[in-house]
Amino acid sequence: MSFSVNIDAGLMNSGGTNSKTGSYQLVIAGGGPAALSAAIYAARYGITHVVLESWKPGGQAALTAEIENYPGFSSIAGSDLTNAMKKQAVEAGAVFVMETVESTTEINGKIKIKTDSAEYTTDYLIIATGAAPATLGVPGESKYYGRGVSFCATCDAPFFRNKKAIVVGGGDSAVKEALHLTHVVSELGLVHRRDKLRAEPLLANKLINNEKVTPYWNSQLAEVVGDDQGVTGVILNTPDGKKHIDTDGVFLYVGTVPATEPFAGLVDLDAKKAVATQNIVGTSNPRVFAAGDVTNNGFRQVVTAVSEGARASAAVFELLEMQE
Ligand SMILES: Cc1cc2nc3c(=O)[nH]c(=O)nc-3n(C[C@H](O)[C@H](O)[C@H](O)COP(=O)(O)OP(=O)(O)OC[C@H]3O[C@@H](n4cnc5c(N)ncnc54)[C@H](O)[C@@H]3O)c2cc1C
C-alpha cells in the first residue's frame, strides 16, 4: 500500500503566482490560517506585500476533516474554511507565491529573505509558518511512512476502509482524527500514554463509547512492524509488558514542532523552538512579528491563529503610518 497527502488542488492553484522577487513593506511567511488572515488585513491596509507559502496551502487546518469550533460554522471541512479565507485574501488583493522560506537575515535595517528559488527584501516580516507533526523516532516509524504510517487521517483514511488502524495520542487532534477514522475502519486501537484523554470531554466520550474503539491506556508505541507491502502491526509498551497488535495503519498525533528553522538567527525562540512573543504578536526583533502555531502563545487553534495574524498586520500598518 502506498499513499500520499491529498492537497486540495483548487487551493494549490488559486491566487498563487510565479516568483515576485523584489522589495516590499511586508513579507508574510506561511500559508495557514494565521498567514491568510494577515494577508487579508495587509491587502486591505494597502501594504505592499507578498505571502510566501510552502507546499501545504491552508496549513494544518486544511488537513482537518471537520472543524466544529470556529465561530460562525457549527461544522465545516477544514479545507473549505481555508479555501474561503484564501479566496477572500486574493479578492482583497493579497499576493501569494508558492515558495519555501529557507533563511532570513537582517542587513542595514532591512530583512533579507531567501526562498528555494528567489530572494526578497522587506521592511517587516510576519512569521506564520505554523507547526509540523512531531515524530516519536521509534523503529519502523519513518521506514513505513506513507506505507501505513500517517500523520493525517483526513488525507489518508480512504486507504484504510474496512481495515484495522491505530491512533497514537490523546489530545484534541488525536481524538478528532480518530473519530473521523471510525467512519471508515473496521477496528480502531487508541494508544495513549496516560489513563485518560486530554481532549475536549464531549469528543473524548464520543470516541471511547464507539464500539469500534479499543483503548490502550498507559501505553506507548515501541515499534512499527511490517513487510514489503507496508505496516502489519505495532509493538506497544503496556503496563503488562510488550504487546503485539495487528494493524494496517498507524496514525500519529503526538504533538507538533514549530517551523522556525529559517528564522532562528532573526528572533528569539523558546526552549521548544517556538517564536518567543512579546505582547502577543511582537518578537525580540522590532521588524518581525509572529502569529499562530509557530509562537509560544499556546492554545493552538484556528480562531487564535487568525486573530494573531490580523493583529500582526495591524501592528505593521501602525508602524508604517508612524514613518510617514
Ligand atoms: C488533526 C488536527 C485537527 C485540528 N482540529 C482543529 C479544530 O477542530 N479547530 C481548531 O480551531 N483548530 C484545529 N487544529 C489546529 C489548527 O489547525 C491550527 O491551530 C492552525 O492551523 C494554525 O494555523 P497557522 O497558520 O498558525 O499554522 P499552520 O496551519 O501550521 O500553517 C502553517 C503554514 O506555513 C507553511 N510553511 C511552513 N514552513 C514554511 C516555510 N519555511 N516557508 C513558507 N511556508 C511555510 C506550511 O506549509 C503551512 O501552510 C487542528 C490541528 C490538527 C493537526
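Start with the ligand and show the residues around it: by class, that shell has 13 nonpolar, 14 polar and 7 charged residues. Keep in mind as you look that this is a predicted model.

Now pick out Lys-56, Gln-60, Lys-176, Asp-293 and Val-302, which come nearest of the 34 residues around the ligand.

At Asp-293, a backbone N or O atom lies 2.8 Å from an oxygen atom of the ligand. Move to Ala-131, where a backbone N or O atom is 3.2 Å from a ligand oxygen. Then try Ala-61: here a polar backbone atom sits 3.3 Å from an oxygen atom of the ligand.

Zoom out and colour by domain. Domain 1 (9-133 + 256-323) and domain 2 (149-252) each give at least three residues to the shell around the ligand. For the elements involved, select helix H2 (33-45), strand E3 (49-53), helix H3 (59-62), helix H6 (172-182) and helix H8 (302-323); each supplies at least two shell residues.

Last stop: an open, antiparallel sheet of 3 strands, in the order E15-E16-E17. Strand E15 (220-227) and strand E17 (241-246) are at the edges with a single partner strand each, so one side of each has no neighbour in the sheet. On average, neighbouring strands here are turned by 25° against each other, direction ignored. Follow E15 along strand E16 (residues 230-238) and you'll find antiparallel pairing over 7 bridges.

Terms used:
Residues numbered from 1 in each chain as written. Predicted model: local features only at pLDDT ≥ 70, side-chain atom pairs only at ≥ 80, totals over all residues. Heavy atoms only, no water. Near = heavy atom within 4 Å. Polar contact = N/O pair within 3.5 Å; in protein donor to acceptor, adjacent residues only side chain to side chain. Helix = DSSP H or I, 4+ residues; strand = E, 2+ residues; numbered from the N terminus. Nonpolar A, V, L, I, M, F, W, Y, C, P; charged D, E, K, R; others polar. Domains from an automatic or database assignment. Pairing = 2+ DSSP bridges. Axes fitted to C-alpha atoms, helices over the stretch in contact; angles between N-to-C directions.
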